[in-house]
Amino acid sequence: MEIKKPAMSGTLESCDCQVTVEPGSGGVDLTLESVVINQYGNAIRQVTMSTLENLGIEDVRITIIDKGALDCTIKARIEGAAFRSVEQFDNIPWGGAVRE
Amino acid sequence: MNDNKKRLRRTMMFLNAQKPGLIRDPYIYKADSLMFDLEDAVAERQKDAARFSIYHALKKIDYRGCERVVRINGLDTKYWKEDVRCVVAGGCDAIRIPKTERAEQVKVVEAAVLAAEQEFGIPEGRTLLMAAIESARGVIKALDICEASERLFGIALSGGDYTKDLQTAITGTGIELMGARQNMIIAARAAGVQCFDTVYTDLDDMEGFRKDVKTIHLMGFDGKSIINPRQIPIVHEIFTPGEKEVVFAEKVVREIEDKAAKGIGVFTVDGKMIDIAFYDGAKRIIALAKAAGTYKGEL
Amino acid sequence: MINAVGRDIPEEILAQTGKEIFQGTHHFDGHTYKKDGPMTKCVIHSGGNKLVDSIHDVLVKCDIADGMTLGFHHHFRDGDYIVNMVMEEVHNMGIKDITICASSLGKAHDKLGEYIDDGTITNIQSSGVRGKIGQAISEGRLKGLAIMRSHGGRVRAIESGEVRIDIAFIGAPTCDDYGNSRGIGGKSNCGVLSYAMVDADYADKVVAITDCLVPFPNFPAHISMTKVDYVVVVDEIGDPKKIATGAAKPTTDMRKLMMADHCTQFVINTPYFKNGFSYQTGVGGASIASTISLSKVMKERNIRMRFGVGGLTKAMCDLLINDQVDVLLDTQDFDLAAVESVKNLNHFRISAGEYADPFNKGAVVNKLDFVILAALEIDVDFNCNVVVGSDGVITGAQGGHPDTAAGAKCTIVISPLLQGRIPAICTAVTTVTTPGECVDAVITDYGIAINPRRQDLIECMKDVDLPFTTMEELRDIAYSIAGTPEKVQFGDRVVGIIEARDGTIMDIVHQIKKD
């Protein structure tokens, strides 16, 4: 998947996270801000990388502002932003690129 | 037939699928069914995002025995088809169809669900359906709707939209819902499916809520739609057979079986006249108590 | 050196503080010592008064100097102006190296962060710290060690002479010109002055600060004139709206209500729930809901409470009004209803020492049946952390937590399994403040764990229909939902010690690592 335009998904409410994707400049550039950065910062980075990998995104500038979201929500928000960026709202690859 | 079709559904709690904090662990409130909403609770611009939320929640979170129902968007929108693909792939237990007025609508959704089950390797028939009736026409066509699909386990009344369609409003007296309630429970029973009552929105009036629940219980409803966990214990209390009721039911069952062997058809139990017609009802009470986890007997 | 809760206390800290490691809650039971009295300046001459025009002038009269220890109470909570007023003056006079010995510090005292950074304040001893002070300590900006004590522990430290307070400042809602102070009768009432009583008894100089001067004698005095050196009248001692808030409503959050309900069910199934029982709880919505549901059962079963104690709220005071409890013992008032109740016949003020000091001849907590507490974290050994957030920053207060937990026959801690994404039930708490041996049951929204040390409680809950489980199972569920948390990374420098009730070291707090 190629990120050609900026898109955002999620909110800053407790237990949620806000994900913004923008075209990258070669590689995955992740900026992470989290209320649980000490305890789960690495876990969040891992989930982000694997979700981007599943989506086939190799070149992106991604910003996550996290308010204590669980892994399933982080994935959902990343995917939400990604598919908005490519403007695909139907025939989502459930169980394929979008997977547990 | 899907074993889950006739499961216990005293409470069905509405949850906004777009709110991660709410869908994280609603099972602690022990509702029988959880209803994740992709329709009215989710803004137009968030319909897409809500799908990813619900997909991952369904796949990842263990809802500890609560049934997972998802309300898809109406068939008059551009969203419902992708909603079906998403939640079937996610493995939801049932889909709630809003604004149902014709049997044909149920069949259209059923076809989409089947296609999705095939596409995503979900065992065919696993995904159940329920229909929300929100208009006068829907109430009139209730029986057709109930019989439209083997997958359909029940119908639910959406009182807010229905009363607007009638050009009245929710009054708290229940009089504006009378026709819908009676028609729907009659239709559901005729078709052998379940029937659920509409939400009660005044969270400060627990007394009024209790009266409302008692009323629909007496009318024969199987359960109620819930908007706040505080409402759950009250519904469970009223809808679960009490100990006295269960003990009496046990006596009825034992006596009927015993007397049948002796060729006696009519007799009294605790001063009440009993015949074979009471058998199913008594067995149902015991089954209800078992399903609710309160049964302590040996039948 | 490893102490009784498995925490390693560095030798340097033991040497620096002269303290021992924690060796068990009852280690010093029966210990004897001599108390250390204050310097006392006689006032023999008749006539006159103790009024001093300003805080500046009173500091001069008290010979304020570098390195002194100043005492404060926290009865004004988030509405306190006293600490900031005094410290601003101390700072403006160019005084340095002050030790603050407060019964607690909170959000109202963020300004002290500045005085920490410029060396005015180099040591802090408090039940807890929040906000900017907590951050300053955790970031290593306080030159000396922060010492966190419980309410009972503070009294012990002062009476034994371990801490010598040079000047104590006692915010007094009403005061006469000779120093008789009361917690009621003015415009910024706090109800009681329990935490200040040990300061009045043991500080070398005692200054009453009031915004409501009343005619002599201001009796019955909560703090007697015989202990007060000077009286200063200011415009405002605090913000009344934040000192005594409106009564917190019982929670409507079903999750908290469920836990409160389980708590009540647990309590009534213990052998201690009988006529004449005693009870203490906190100020949160769940605590209040718990008290209300307990009072319903008390009514049904005709069971009277003999005494309620602690920081009091409307919920507890209602028990007195509704004649369900014989007496209330008051250490602090959280809301207006509690302040109002102070004048009731069976509502008694007690000092922090009478309440919780482990080093006197026996305090109220030893007679307590039930205490219902909260915590930031609880680990599989039932140790509690109420002071250090799971981000490593000091953010809470010991308060009476270790005192009541140690004294009560049945200590119950209520906490949701997860606070946001953070597991409240964990393998090992970030910092131990209350040792597991004192905690009998933990009630969460996912089940109840009884401490295996209490086989007697496990036995009496055998046939009770509550969701009993183990701390390990709860921890596992928490980690499976949220993921296993990584430990906070700390720096090497020790910035604070968690002092046990008896003055030994329960745990230490390290500086947080800054990337």
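**Exercise 1. How many bridges join strand 3 of chain A to strand 4 of chain A, and do the two run parallel or antiparallel?**

*Conventions.* This is a predicted model: local features need pLDDT of at least 70, side-chain atom pairs count only at pLDDT 80 or more, and totals for chains, interfaces and linings use all residues. Residues are numbered from 1 along each chain as its sequence is written, while chains are lettered from A and ligands numbered from 1 in the order in which they are written.

*Solution.* 

Step 1. Helices (H or I, at least four residues) and strands (E, at least two) are DSSP runs, numbered from the N terminus. Two strands pair if DSSP finds at least two bridges between them.

Step 2. Take strand 3 (residues 28–34) of chain A. 7 bridges join it to strand 4 of chain A, and the two run parallel. A:Thr31 has A:Thr63 in strand 4 of chain A as its bridge partner.

Step 3. Turn to strand 2 (residues 17–23) of chain A. 7 bridges tie strand 2 to strand 4 of chain A, this time antiparallel. Here A:Val21 is partnered by A:Ile62 of strand 4 of chain A.

Step 4. Recall the background. Strands of a sheet pair through backbone hydrogen bonds, either parallel or antiparallel.

**Exercise 2. Describe chain A as a whole, then chain B.**

*Solution.* 

Step 1. Chain A has 2 helices and 4 strands. Read from the N terminus, its elements run β-β-β-α-β-α. The radius of gyration of chain A (taken over C-alpha atoms) is 12 Å, close to the 13 Å of the globule rule for 100 residues, so chain A is as compact as a globular protein of that length. That rule is 2.2 Å times the number of residues to the power 0.38.

Step 2. Count burial. A residue is buried if 20 or more other C-beta atoms lie within 10 Å of its own, exposed if 12 or fewer, and partly exposed in between; C-beta atoms are placed from the backbone. Buried residues make up 45% of the 100 residues in chain A.

Step 3. Chain B has 12 helices and 10 strands. Its radius of gyration is 20 Å, close to the 19 Å that the globule rule gives for 299 residues, so chain B is as compact as a globular protein of that length. Of those 299 residues, 46% count as buried. The C-alpha trace of chain B spans about 65 × 45 × 35 Å along its principal axes.

**Exercise 3. Which element of chain A gives the largest share of the side that touches chain B?**

*Solution.* 

Step 1. Two residues are in contact if their C-beta atoms, placed from the backbone, lie within 7 Å. The contact takes 22 residues from chain A and 18 residues from chain B.

Step 2. Helix 2 (residues 71–85) of chain A gives the largest share of the chain A side, 8 residues.

**Exercise 4. Is C:Asp323 buried or exposed, and is C:Phe382 buried or exposed?**

*Solution.* 

Step 1. C:Asp323 has a positive phi of about 60° although it is not a glycine. C:Asp323 is exposed, with 9 other C-beta atoms within 10 Å.

Step 2. C:Phe382, also not a glycine, has a positive phi near 75°. C:Phe382 counts as buried, with 26 C-beta neighbours inside 10 Å.
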